[in-house]
Amino acid sequence: MFGVIQQWIPFNNALDMSDNQKNVQLKVTFIELLTNYTVSKETEITVYRYPYRVELLKNKSHFQPGLLFKCALQVRYLDGSPAVGISGEVDVKQLKYEKNVVSDDKGLIELELPIDRFIELMDIEFTGANDGFFFFERVKKTEATANTFLNLKIKSDYSFRSTKRIDLEVTSNNQIQFLAYYVVAREEIIQWDFVKMTKNTKQHIHYIHVSEKMLVPRAKIVVITVSQDSGFVWDSINMDFSPINNQLDMIVNENKPGHEVEVVLRGRPGSYVGLASYSQRFQEFAENHAIFVEDAKKLLNSLYINGAIDDTSFHSTGLFVRTESYTVLALRSNFHTSEYCANEPDNNNNVYRSSFVESWLWKSVTIGKSGTHTLIDILPNTSTIWNLTGFSIDPTFGLSIMKDPIQITTVPLFYIVDNLSYFIKREEEAELKFNVFSNHEKEIMVDVTLYNVANQIVFVERPDVDESYTKSVSVLPNVGVPVSFLVKARKLGEMIVRVKASTMLGLQTDAIEKVIRVLPESLVQQKVETRMFCSNETTRKLYTFNLNISDKRVEHSEKIAFRLNPNILTNVIQNLDKLIKLPTGCGEQNMIKFVPNIIALDYLTAMISTNTSFEKSIKQATDFLREGYQNQMGYRKKDGSFSVFHSEDGSVFLTAFVAKSMQAASKYIDIDESMIDKACAWLASKQDRTGRFDEVGYIFDKEIQGGLRNGIALTSYVLVALLEHPELKTKYEQIVRKGLNYLDSKFSSIDNAYDLSLATYAFMLSDHSHRNQALDKLIAMSTFVRKTDERYWNTTNTIEATAYALLSFVKANKYQEAIPVMHWLLNQRSETGSFGGTQNTFVGLQALTTFAKNICPFQNEYSADLLLNKKFHEKFRMNTDDISIQNFNGIEPDIRILEVDVQGHGFGLLEVIYEYTMNLQNFSHRFDLSLQKQNTGSDYAMQLIVCASFIPIGTDTRSNMALVEVNFPSGYVAEQNPISQATKGNPIQNIELRFGGAAVVVYYMNMGPDKNCFTVTAYKRFKVALIHSAFVTVYDYYDPDLNAVKVYDI
């Protein structure tokens, strides 16, 4: 169900509005009366002093002395619509011009200002009649040195008619002897004329006939003359045409869901037509799904304005002049509209319905010689209103876009919809609910059948062998009738739910198919153990894996697999389609997608000498780098910095990030060195006298920054950006020296492992005298897990901090000491080989690839024998040409020791992946965990107070990162922001919803003996019979054997 309500909210007190706008924090709470279901959302809204805004629209950016200056004030409401009837006064003091004005039906206030020969600038002011609104903009005289000017004005209305003429008035402030006329469209001159004046005059009317070629839909008229005092003199004006002769008509025949629909298109022969349709439901979230003429104009304007050349330059016409003595080279056109230039505001067989599409008919066709084209497609079998829209492009007559979408209403005579839970638990009796709707005029009987697909379910109180279960219900017109089935799931994983409804002896049917998850009734433990083989010389080594499977597991629940990776980035390479992306979006989104291409190229280029199969990926990543570089230049400020959006100030982090990345990319594409120089010069201007850097800009996505913050971390980051590239290190030695002095002065007081990891890497890159001392101090802050031979840093942004530490070990040539750090990082990767989070992925992959390139060969020639319980089981062979992962699944569940005998030379990651289910009643304890159910006064809401603390033993007084996982009984689901009343001593770091709200995971940095409490709320959404007990577990993320579990019932 969806709904919209508009509510006026008064302020309790007068709002302090020192500026024209102010951001206000708004918190909205929705409470459903029947169930007490509560949803809260906080957002920031902008409150404006005035309901409208004003913008000055100009034909030209500068005025010409002695000629009329034509402009207009565009008045718009805050939603972008024209503000009609806004009255006020326009005042231009330099011209002694005062006028009372009112905006017209387009929100325009048109002005024609007579310019005196001797003024240098003018201030155009608008004051609202009754509200105190004030607008001001300054316009300056053109910088041209000529004393003679031309001014063009179209005297007649124009539209596309082959017999229609345009009356063009040419005015000059001095007498002229001749005029040359050029009409430019589609980057070519399509008309020209030369007029010699019979007598010297200051004004001339010229007639231009409109031709088909002018329909771009924009054409430009350029007029040129030569005067004795000024030499070459010119002016230009644009014409916009409505594409009325490229009409696109569309007729839709038949609208029965699930059946063929005929779409008849009528347009100009040979024209290209693009079609799209979208569900009316989209309108509930946004209104800008259809394509309108205004969208095309906005795009056209943005292309002309972006990177604009000053309109006082003749090059802006798209023409060049050649004389006997010189040539003026042509530049790309920068058109200004003949109106006022401004950016627009953003404003029935048994076919099972398993794909519930929100869009349809994305097609393109070419209309034939007859002027018609018939398109046949299947109308989606769903109940909605489709908005069908399209556009047409004709080589001669230009662009045409449908004014309003055609609406197709698809309402089946009857249909079935689901009301399924996202999950059920194995062996629980769960109710699968559906609703049947009818649009028949009379009551009908409907048979509803649920199928047992692949024997995945058991129908409760029915024989186990039943393959289907049918219920009959009576359905009244326009009334939804519920029907439900009580089932139990047999297997874990994904379960197919297939249901069919039929009436009139099966002549009318509807069917749907959905997938829901089946979760275990107990807790699943998942583990990965990794060993690394790395040798430049032929050798033989035995690797042993002792599987740490608890004796308190559920019997026969073990699943064990072995995996052999031929290099450290195998998963990354196999997922290059996910890692390598075309950079787009705002300034930071572009960089989020830009940098992984560099990381991939660094590693692929190093491997290309031994494996040429990467050439295609290298080319793709290189092409994406070029596109990303061009896109990023759009967010470069005049001062050399980079910002998230064009309107934002430059950001220290983003500018350093861009400079560092572009310098790295210069190995693969051509980069403008002056751009990097300007960025670094801007960074230097933001460094204070102590050498410290603080952020001065805005970053939209904090994830891109990782753990960076002002002071030590940000200063270290900027230094690393410079120090990683010798060219920048040398060129900006003064910035580096001041920054290192700042870190040196703060070194003894650094007590945060993340700060220290960055500072240590900066010290290592600069060969600073404190580099070894810093590394020793960093090691002392680490956590070492002897059982798995892993080392990491339990701090803010743990992965990033550990990755910087690994880079420091490599720089210090301490490869043996780095292996436990490398082991830990390897085990934190996702299935794609990357890490969660932007900076985690950047720095994590950089650290692993740097480590691998320094110690591991790229030539592989070895074999690996898998031994289970000391007996040979499987042989794997790996050579340089083979880059694929080799897997072996189905290892017997009673295996506890795996050995891998490796012979040869090269590199490989040996991984054992296993999982098992724990009996919750037998789970061991190392945390103190208590639960208390609250009385909510509603049968539909559940509240649970959860308190957890770590039980210290000896010197082991605090846990590592601790997770509290609250699993809800079947049928209950948590919504957004489910946690409240959390204790403040040890703040919650993150809250994660899992399995569609079936569980909530709360993250703590660590836990000590003090209680950490919070209240969690869930709501009953689905009916379940014979509900199993639910459980809450708390465990150490890095040592899951330290844990506690509590079981609770509703």
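1. The crossing of helices α11 and α12 is left-handed, a term for a near helix turned anticlockwise from the far one by less than a right angle (right-handed if clockwise). Helices here are DSSP runs of H or I with at least four residues, strands are runs of E with at least two, and both are numbered from the N terminus. Please keep in mind that this is a predicted model, where local features need pLDDT of at least 70, side-chain atom pairs count only at pLDDT 80 or more, and totals for chains, interfaces and linings use all residues. Residues are numbered from 1 along each chain as its sequence is written, and side-chain values use heavy atoms, with hydrogens and water left out.

2. How are these two helices arranged? Helix α11 (residues 753-766) packs against helix α12 (residues 771-780) at an angle of about 155°, and their axes are 9 Å apart. The axes are lines fitted to C-alpha atoms, for helices over the stretch in contact, and angles run from 0 to 180 degrees between N-to-C directions.

3. Now for the residues that touch, where contact means heavy atoms within 4.5 Å. From α11 come A753, L756, S757, T760, F763 and M764, and from α12 come R771, N772, A774, L775, K777 and L778.

4. Have a look at the open sheet of four strands, ordered β6-β5-β8-β9 with antiparallel pairing. Two strands pair if DSSP finds at least two bridges between them. β6 (97-102) and β9 (134-140) are the edge strands, each with a single partner, so one side of each has no neighbour in the sheet. Strand β5 (residues 87-92) is joined to β6 by six bridges in the antiparallel sense, and D91 has E98 of β6 as its bridge partner.

5. Another open sheet has three strands in the order β15-β16-β20, again with antiparallel pairing. On average, its neighbouring strands are turned by 20° against each other, direction ignored. Five bridges link β15 to strand β16 (residues 260-266) in the antiparallel sense; in β16, V264 is the bridge partner of I251.

6. Leaving aside residues up to four places away in sequence, L265 touches several residues, including M250, V273, L275 and V365. L265 and M250 are 15 residues apart in sequence, yet 4.7 Å apart in space, C-alpha to C-alpha.
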